[in-house]
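Work through the exercises below with the sequence and the 3D structure open. Try each task before reading its solution.

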Amino acid sequence: MKKLAIYTTVLALCGGAFYAVSAAEQAAPAQPAPEAAKEVVCFESRKGASEVTQRDIKPGWPNVKCSPKTGAALWYGDPYDGTVPMGKMPGLDKIPEGHAVIKPRSEKLALMPMCGVSCHNGVGPQFSPPTLPKGKKPVPLPTMEAMVPDLKDLQHGRGRIWCMDCHHTTQRNKLVDHFGDPISFDQPQLLCGKCHGDKLRDWRDGIHGKRIGEFTSTGKKRWFTCTECHNPHNVQDGARNRGFVQLQPEPSPQLPRGMKDASHEKLHPIPH
Amino acid sequence: MTPNETLPTDPAKEQSSECPVPPMSADPAANVLKTSRRDFLKSGGALSLSSLMGTAALMSQSGDAEAAVEWAEHFQKNYRLMTPAEKAEARLRLEKRYSDEYGKKVSVDTTEAQPGVLMGYALNIRKCIGCRRCVHACVAENNQSRGTKRPGEKIEWIQVLRMERGKFEQEKMNHGYPEGLGIQVGGNAYTPAGAVLEGQYHYNPEKVPEADATYMPIACMQCEKPPCVKVCPVRTTYREADGPVVIDYNWCIGCKMCMNACPYWARRFNLTTPVLPKEEMNPVTHYLGNRPRMRGVVEKCHWCLQRTRHDRYPACVEVCPVGARKFGNLLDPESEVSKILERKNVFRLKAELNTFPKFFYFYD
Amino acid sequence: MQQLISFTTDYTRYVLKGGTKFYAWMGSLAVLIVGMMYVFYLQNTDGLIVTGMTSQISDGLYLANLVFLVGVAAGAVTIVFPAYVYHHEGMHKVAVLGEMLAISAVIMVMVFVFAHMGRPDRLWHMIPPWGIYSFSSMLGWDVMVLNGYLILNFICGFYYLWCKYSGNPINKKWFIPLVYVAIVWALSIHTVTAFLMANNPARPMWFHSMMPIRFIVTAFAAGPSLIILIFLVIRKNTKFWVDDSAIKLLTTIVQFCLGIAIFLTLSEVVVELYARTEHANGLYYLMFGLHGLTGLVPWFWSSLVLMVGAFILFLIPRFRNDFKLLTIPCAMAFVGIWIEKGMGLIVPGYIPSPIGEVTEYHPSFVEWLLVLGIWAFGFFILTILLKGAIGIMLGEVKFGGPAVAAK
């Protein structure tokens, strides 16, 4: 376990992404077994944060079909594969118990196993009270910054928020709500909704974000949570357009008979 | 949790519990024979042409059951006018043919529209990044032809239009149409923005969304007043009670009048026998939905009837990485589509044609 | 009854006999028909993929020829109308030939209906009681009026010939009203065909109320042009004499209708291009090209040149009075309108597609051969019908008389 933890630390340092990828997925290519070569992994929404491994639920019926070109998930054989109940959420009283499910994210977070084990377990390196931030003002967190250098350049809130506005001070594998109580990484909407109330409302009503499964308003759905699509540390990145990280598109349509290429489309219909 | 217990998509479950018609037996041929004979005995003189032909063919040449089944398929009625028994028979006939053809157990669902459901669709045009995942999810789900050898062998129901953002420029201020006296009558300072007829369908950049473009997916709008239905000379395409405009592929004569009438270019023609590899074929089908088509008939989006009749989201909704696609019951005020109509600004494409689409574009 | 049998046998025997020229003509048509059958077989085994049609341009030469030939069929009324309404002597003599032309043209139209369909084997789906007839579908109406026109012309034409053959007087009590019905019906076939295209708001190129009148005037230019040519061939090759007065009247009709057709075309150009809305994109593509694609531009301008050229030639008395020279403007008008209907109207209706995709139409060899074969088939039937009719008119085929060999 410790070896794994160190391995992931190195990865995280190299990649610089806090939520990079699950340790298991990173380890996969290292396995020399032919099974690993056949393994098809695709991403659902955010590359690097929503990977899913293709497998057969039953013969000829995969859980997911992947795009051979872009590695995007293109078809769900089972929309509830690997999900757990979402848990309580204000405003969702009408949905029957167990009909709102999510895919747990905690296990995908690379540093997550370490947080609770190595440091914030009460056993690891002693962080005596002085290193814990008092009050709400930002203070340097040298250990964390050493592990994840990008933390100094947080692309969220334009300098008006910092780590401890979202992360729990003592339970680092938890997020934090307005009252200072911990929130699971599986329920980031409880955190994000603190500021983005209009988005939370739209998300709750199914207008914002994505849900798969049954379309009826009381049907069983897998809800995609905030962080499955958005990287909270990096929402202002310049290499994107309208809030979305750029993706490779799927192939364009077949040209109809007689058309050699589609270059004419780039011209304006009538020259100006 | 085993997926088989919870999946509404599980073909086995669909057949056993959700379909009102009898489940497919292990040997579909035997079933066809049984059904036909039972019909024959029960309904006596009130036999349809199709079951008569089917029964006769099956009885006379039992050795070549498949040929007999296909032969009977040529004489079946318009799906809408079939009795429940004829529907069940047509369904078994197709299940048998498809199962033989694709080497796996294929189910052909005939679930009817449910009362209290009127399907509606909404697309957040601000969110769309033009990745075309919906296009390919649709193909994976709906058994379209996917050949690559000849143009026309690949059919996609969704088109994604790339439109230029456009801008007005200082340098172009004096571009225009100078008339005789040097007095400008018009300007040309613009580059087109948001012009549907000036867009691109074959865009292929490294990455989307591009900074200088917006995207608009277009597919069947499932109009309330569909012009395509009006022009059909054989009534093979019609609006189902729960909203989608469907086609009975076995009744279509391929006259293509509907393709002339559709203002959204939603309909595609099977120029040749669809190229559908066995392993890629989706065995969970609906009679009016994604069952494999034949040469010479028209097809189009039907909002994944094989899914939506069992409450499942259409395939395009499920794969949209940005959640731009929304689907729901317009009669349910709590559905996502109803909420969008209540809360957001929506518009319909070519509203001036009074086709009253149930597909809404919106933005937030 | 015996008369009817002898009519049939005499008629058949007469039309099957002919000189070398006749057999050579029919033989070459037969070759084209065989070729047509082969590509029709290809088209119905491999599918319409062997043609130049796509999902974007879902109809092309077939629908174009269909529409054009409906016009030719309707054009026969330019003989029947003066003959029976104005009692024009020269026309009255040849009225039955016009009806024969209408029959062959409608048969060609029906074959083109088969050609453009994806599933001709399912045509019975639109014929009650086995199939469904849809009253809201213009195609349904079109099939109905075309069949009606075929039956009307068959009855009128062959009843007339039958009376001539048997020597019985014509029963004017029902014959004349039927002829009047056929005259109005002729207008209906082309009007309904115009509605078939025009009633599609999805296609701005077609969606205007000028379509029916444009269809009628072009039909009344193209149809009589073809009839004049056929009459001149008949005058040259048979003993049957078509009066100069008939040809002159037809020339006048062609000239007037051609003039109106050109006027309507130019009106459309002005109206569409002055405002130059998106709805004019089809016409713009046709005239100048769109997005740098110019596939139809030569077709449009050649059609315009042919039509305007023919109109100008018709204005020159020498061309009107010298029947050798008359063939030139007639052929020009016929070809010009054929292009105008097909590459000038049907195809640009599909370009750009309703959602703005610009693709080009390239008819395949299969398509050209099928079109040629159907025309050959039509001329094959027309030759037989005209030969029989002329034989009866000349008295060479007569009840009781010995069947005389042609020529």
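**Exercise 1. Confidence in chain A**

What pLDDT does chain A average, and what percentage of the residues score at least 70?

Solution. The model is predicted: local features need pLDDT of at least 70, side-chain atom pairs count only at pLDDT 80 or more, and totals for chains, interfaces and linings use all residues. Residues are numbered from 1 along each chain as its sequence is written, while chains are lettered from A and ligands numbered from 1 in the order in which they are written.

Step 1. Take pLDDT as the predictor's confidence in each residue, from 0 to 100. Chain A averages 78, and 74% of the residues score at least 70.

Step 2. Go to the elements, where helices (H or I, at least four residues) and strands (E, at least two) are DSSP runs numbered from the N terminus. Helix H2 (residues 23–27) of chain A has the lowest mean pLDDT of the chain's elements, 37. Strand S11 (residues 211–213) of chain A has the highest, 95.

**Exercise 2. A helix pair in chain C**

Describe how helix H5 (residues 89–116) and helix H6 (residues 138–166) of chain C cross.

Solution. Step 1. Two packed helices are described by the angle between their axes and the distance between the axes. Axes are lines fitted to C-alpha atoms, for helices over the stretch in contact; angles run from 0 to 180 degrees between N-to-C directions.

Step 1. The axes of H5(C) and H6(C) come within 9 Å and cross at roughly 150 degrees. H5(C) and H6(C) are therefore roughly antiparallel to each other. Angles under 35 degrees count as roughly parallel, over 145 as roughly antiparallel, 65 to 115 as roughly perpendicular and the rest as oblique.

Step 2. The contact of H5(C) with H6(C) has 14 nonpolar, two polar and one charged residues by class.

**Exercise 3. Backbone exceptions**

Find cis peptide bonds and positive phi values, and place each in its loop.

Solution. Step 1. Recall the background: most residues other than glycine have a negative phi, and most peptide bonds are trans.

Step 1. Val208(B) and Pro209(B) are joined by a cis peptide bond, omega about -5 degrees. Pro209(B) sits in the loop between strand S5 (184–187) and strand S6 (213–218) of chain B.

Step 2. A cis peptide bond also joins Ile351(C) and Pro352(C), with omega about -5 degrees. Pro352(C) lies in the loop between helix H13 (323–346) and helix H14 (365–394) of chain C.

Step 3. Arg158(A) is not a glycine, yet has a positive phi of about 50 degrees. Its loop runs between helix H5 (142–147) and strand S9 (175–176) of chain A. Arg158(A) is exposed, with 8 other C-beta atoms within 10 Å. The cut-offs: buried at 20 or more such atoms, exposed at 12 or fewer, partly exposed in between, with C-beta atoms placed from the backbone.

Note on methods: Nonpolar A, V, L, I, M, F, W, Y, C, P; charged D, E, K, R; others polar.
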